Amino acid sequence: MSARRSLVWLGLTPEPEQELPAAVAALRAPADGRPQPALVTAERHRVERLVLRGTQRGWLRYLGEVTDLVVEAATEPADADPRPALVAGEVVLDHHRMLIGLPGTGYARTAPQRRDLENALERLRSRHGTGPSGGSDPSGRQDEPFVPSGLTGPAGPSGQPHEASEHSESRSTA
């Protein structure tokens with residue numbers, strides 16, 4: 001690793017590497033919105049490689065791809081499940097807002113993405129029947145969180161954290 005490589009971006013938050021793989025795999029999946037476990041695993045490995053060996057520029061390019069997927073999902077028919085796009089959009093938007101505290105041009109460079117995500121999330125929330133904070137659908141039922149088959153948040157079926165989650169914990173304390 002080069003002494004000139006800035007690692008400050010790694011300390012922002014572990015949520016993207018924990019929550020994005022399943023949501024992004026669902027956004028990339030066929031129309032049924034149920035990604036095969038192999039797609040989730042591949043996405044998790046991609047995120048892990050970016051975090052462990054990538055640069056802030058590469059990471060922001062990946063989040064730009066995710067932004068494009070969320071914006072595209074916001075224009076899909078109303079019968080499509082908006083939950084994966086809501087999760088991905090909220091995680092990326094939160095990440096991009098935190099860039100204001102880091103040195104460099106990351107915050108300014110992501111301004112168009114923040115604007116696009118805010119607009120997409122507003123459309124997705126109105127389609128899903130939730131306000132900005134989530135909650136319940138128009139019938140008053142509690143929203144079911146987006147959890148792809150076989151996964152339960154940052155832990156897999158075994159209940160043990162995935163490798164990326166373990167790495168995020170170690171990097172978050174640095």
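Is Asp79 buried or exposed? Select Asp79 in this predicted model: at 71% relative accessibility, Asp79 counts as exposed, where exposed means over 50% relative accessible area, buried under 20% and partly exposed in between, with a 1.4 Å probe and protein chains only. Local features need pLDDT of at least 70 and side-chain atom pairs count only at pLDDT 80 or more, while totals for chains, interfaces and linings use all residues. Residues are numbered from 1 along each chain as its sequence is written, and side-chain values use heavy atoms, with hydrogens and water left out.

Asp79 lies in the loop between H3 and H4; helices (H or I, at least four residues) and strands (E, at least two) are DSSP runs numbered from the N terminus.

Next, select H3 (56-74) and H6 (111-128). Their axes are 9 Å apart and the packing angle is about 35°; axes are lines fitted to C-alpha atoms, for helices over the stretch in contact, and angles run from 0 to 180 degrees between N-to-C directions. The crossing of H3 and H6 is left-handed, that is, the near helix is turned anticlockwise from the far one by less than a right angle (clockwise would be right-handed). On the H3 side, the residues in contact (heavy atoms within 4.5 Å) include Leu60, Gly64 and Val71, and on the H6 side Asp116, Ala120 and Arg127 are among them. By class, this contact has nine nonpolar, three polar and three charged residues; Ala, Val, Leu, Ile, Met, Phe, Trp, Tyr, Cys and Pro count as nonpolar, Asp, Glu, Lys and Arg as charged, and the others, Gly among them, as polar.

Keep H6 and switch to H4 (83-98). The axes of H4 and H6 come within 9 Å and cross at roughly 150°, which makes H4 roughly antiparallel to H6 (over 145 degrees; under 35 is roughly parallel, 65 to 115 roughly perpendicular, the rest oblique). This crossing is also left-handed. The contact of H4 with H6 has seven nonpolar, four polar and six charged residues.

Finally, select Tyr62. Beyond its neighbours within four places in sequence, Tyr62 contacts Leu20, Val24, Arg28, Glu43, Arg46, Val47 and Leu50. Tyr62, Leu20, Val66 and Val70 touch the most other members of the largest nonpolar core, which has 28 residues. Such a core is a set of buried Ala, Val, Leu, Ile, Met, Phe, Trp, Tyr and Cys residues joined through side-chain atoms within 4.5 Å. H3 supplies its largest share, nine residues.
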